[in-house]
Amino acid sequence: MARPAAAWRWVRPAVVVGLAALAVGVPLWLVLATAAKPQAEAVRPNLDPPDAWQPGRNYSDALSEGEMLRGLVNSLLVIVPAVLLVLVLGAGAAWVFARRRGRLVAAAYAVCVSGLLLPPAIITIVLQLRQLGLAGTRPGMIAVYTAMYLSTSIFFMTGFIRSIPHELEEAARIDGAGPLRVFVRVVLPLLRPVIATATIMVMLYAWSDVFYAFFVLGGGDAATLPINLYQVASAQLYLNNWHLIFAYVVLMSLPMIAVFLVAQRRIVSGITSGAVK
Amino acid sequence: MATPVTTTGRPPGRLPRAAVHHPWWFALPAVLVFGGFFLLPNLLNFWYPFTDWSGYRSQISFTGLDNFRQILDDGTLWRAIRVTLVYALLAALFQNAFGLGLALLLERDTRFNRFFRAVFFLPVLISALAVGYVFQALFNTDGAVNDALGTAVPWLGDTTWTIVLVAVVHGWKWMGLAMLIYLAGLKGIPGEVLEAARADGAGPWRMFRAIRFPLLAPAVTFNVTTSLLGSMNTFDIVQATTGGGPAGSTEVMNIYMFRVFGQGLYAQASAMSLVLFLIVVALAVPLITGLRRREQMW
């Protein structure tokens, strides 16, 4: 018994490092190395280190030719309002769903979290947005993202509120606070950890979404970062311009990686506590 | 501030206390937005597939089953269903196998393990479209893998095996999330149970088969459902690696919808969208009840 266990103590770290190098290291190196190569070297992507280094030029080309700043602003103008709406509307609904009893509440809750599993009917959404005059506009995109991700936030928040004792709310009520005051002063502050999780999950999905953005926003002036990336990668001008594509990929990924590094602990505990309950 | 709700002396009267303390209107905005932009489109999606809605007409009229007949006759319906199901099954399999493997490898809470958990979580943070391009550069016939191996294998050009490779990429992208959830599941297993099994002389494999895996049931339920149903709704990775090719062998439903919608054939795209919806519902109900029952058995 002791022998294989002792061997495993030394083999395991080697396996972990080997796997990480192969599964994450190789793709990461390919991206970083190619983003530093001149075009001639990058046409046929390989794992060789660059002969001539020009990361600065590639990154500034990706920024200017890929219109990254416009894409960034467009992404933020859609994602920030959508996340805020998802959180505020989701928290209000979750409070009612968690605290009230009855068949109607259970049914409304079941319907509102169905979006966790059901696919959005994106084709009909487009028609509906056209009829409302919202197709191709940011308010249209915000409404679609909000509806799509409300289920996630309602699911996480309802579970969380159920675990908060009633007494905290009651104490405020005895002091004469009405529902709005109780919600803003007592419930919302308690929700802080789950708000962090929901924010990050929604940001993660919306930041990378290209499918729904294509249908709703299209490739026009309101194009978000992932749409820009798609256009950069598919345009004839950029065909096989892997050095620019990967410079774009690095720049576009940095914000999400930064968010993860800052909020790592909270993300990990939030994701896992919501899922396994 | 709204006065009617802040009064303290309101007689509870006929209104139940719940209605006073947690009034419905807090849920109303969420219900309206969800109803209007998620539920309603999904309901309307039961109507448009039976019309001739397209980019070339100004009027929409009823045409019965024409759209379904067309995708049935040209073979796209069955192909799309088969490709989507195969892709989803494989992607769920790889995502869970990788995630569980990593969770078991990195189970103990050490500094070393925490660092490598973050490393394996990195792909989750990168957009799926970007992931697709990275693997296209790796597996292109002119790509980095063939260059490193000195081969010329058309990794992304095989009508049988390319879909497996793309599903591996999907599993790779999401394995970090599955890993976190399995880790939380492993952490939730009471220490006494493991002690008792160890005292009874159970080896590592036996411990896993007989105790840890069954006790992981809630994590398995969550991971299997979300990965299977989520990968039915896939687009980005397939679009960026193969674009649906070769010869349509990786054309999942969302790629078909995207392509046909671009041609202005809206009603046909919507017909496929309805099929996707029905398949997801048909899978979700037995899947969730079955896995829940399995949880309770242990």
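**Helix packing and chain contacts**

Helix H12 (residues 225-234) of chain A and helix H7 (residues 128-139) of chain B have axes that come within 10 Å and cross at roughly 25°. Because angles under 35 degrees count as roughly parallel, H12(A) is described as roughly parallel to H7(B). The model is a predicted one, and the points that follow should be read with that in mind.

**The contact of H12(A) with H7(B)**

- On the chain A side the contact is formed by A:Pro226, A:Leu229, A:Tyr230 and A:Ala233 of H12(A), while H7(B) contributes B:Leu129, B:Ala130 and B:Tyr133.

**H7(B) within its own chain**

- H7(B) also packs against helix H9 (residues 162-187) of chain B, at an angle of about 130° and with the two axes 11 Å apart, which means that H7(B) is oblique to H9(B).
- The crossing in which H7(B) passes H9(B) is right-handed.
- From H7(B), the residues B:Ala128, B:Val131, B:Phe135 and B:Phe139 meet B:Leu165, B:Val169 and B:Lys173 of H9(B), and the residues of this contact divide into six nonpolar, no polar and one charged.

**H7(A) against H3(B)**

- Between the chains, helix H7 (residues 138-162) of chain A packs with helix H3 (residues 28-44) of chain B at an angle of about 125°, their axes being 8 Å apart, and H7(A) is therefore oblique to H3(B).
- In this pair, H7(A) passes H3(B) in a left-handed crossing.
- The residues A:Ala143, A:Val144, A:Thr146, A:Ala147, A:Met148, A:Leu150 and A:Ile154 of H7(A) meet B:Ala30, B:Val33, B:Phe34, B:Phe37 and B:Phe38 of H3(B).
- By class, the residues of the contact of H7(A) with H3(B) are eleven nonpolar, one polar and no charged.

**The interface as a whole**

- Taken over the two chains, 74 residues of chain A are in contact with 73 residues of chain B.
- Helix H13 (residues 242-276) of chain A supplies the largest share of the side of chain A that touches chain B, namely 14 residues.
- That side of chain A has 55 nonpolar, 13 polar and six charged residues.

**Annotated spans and domains**

- An unreviewed UniProt entry assigns "transmembrane region" to residues 76-97, 104-129, 141-161, 182-207 and 242-263 of chain A.
- In the model, residues 182-207 of chain A are 96% helix and 0% strand, with end C-alpha atoms 33 Å apart, while residues 242-263 of chain A are 100% helix and 0% strand, with end C-alpha atoms 31 Å apart.
- For chain B, the UniProt record (unreviewed entry) gives "transmembrane region" at residues 24-48, 85-106, 118-139, 159-184, 213-232 and 265-288.
- Of these, residues 118-139 of chain B are 91% helix and 0% strand, with their end C-alpha atoms 25 Å apart, and residues 213-232 of chain B are 95% helix and 0% strand, with a separation of 26 Å between the end C-alpha atoms.
- The annotation "domain: ABC transmembrane type-1", again from an unreviewed UniProt entry, covers residues 81-287 of chain B; that span is 77% helix and 0% strand, and its end C-alpha atoms lie 18 Å apart.
- Chain A is divided into domain 1 (2-53) and domain 2 (66-234), and the centres of these two domains of chain A, taken over C-alpha atoms, are separated by 37 Å.

Conventions: Residues are numbered from 1 along each chain as its sequence is written. Chains are lettered from A and ligands numbered from 1 in the order in which they are written. This is a predicted model: local features need pLDDT of at least 70, side-chain atom pairs count only at pLDDT 80 or more; totals for chains, interfaces and linings use all residues. Axes are lines fitted to C-alpha atoms, for helices over the stretch in contact, and angles run from 0 to 180 degrees between N-to-C directions. Helices (H or I, at least four residues) and strands (E, at least two) are DSSP runs, numbered from the N terminus. Angles under 35 degrees count as roughly parallel, over 145 as roughly antiparallel, 65 to 115 as roughly perpendicular and the rest as oblique. Two residues are in contact if their C-beta atoms, placed from the backbone, lie within 7 Å. UniProt positions are given in the numbering used here, feature names are shortened, and annotations may be inferred rather than shown by experiment. A crossing is left-handed if the near helix is turned anticlockwise from the far one by less than a right angle, and right-handed if clockwise. Ala, Val, Leu, Ile, Met, Phe, Trp, Tyr, Cys and Pro count as nonpolar, Asp, Glu, Lys and Arg as charged, and the others, Gly among them, as polar. Domain bounds come from an automatic or database domain assignment.
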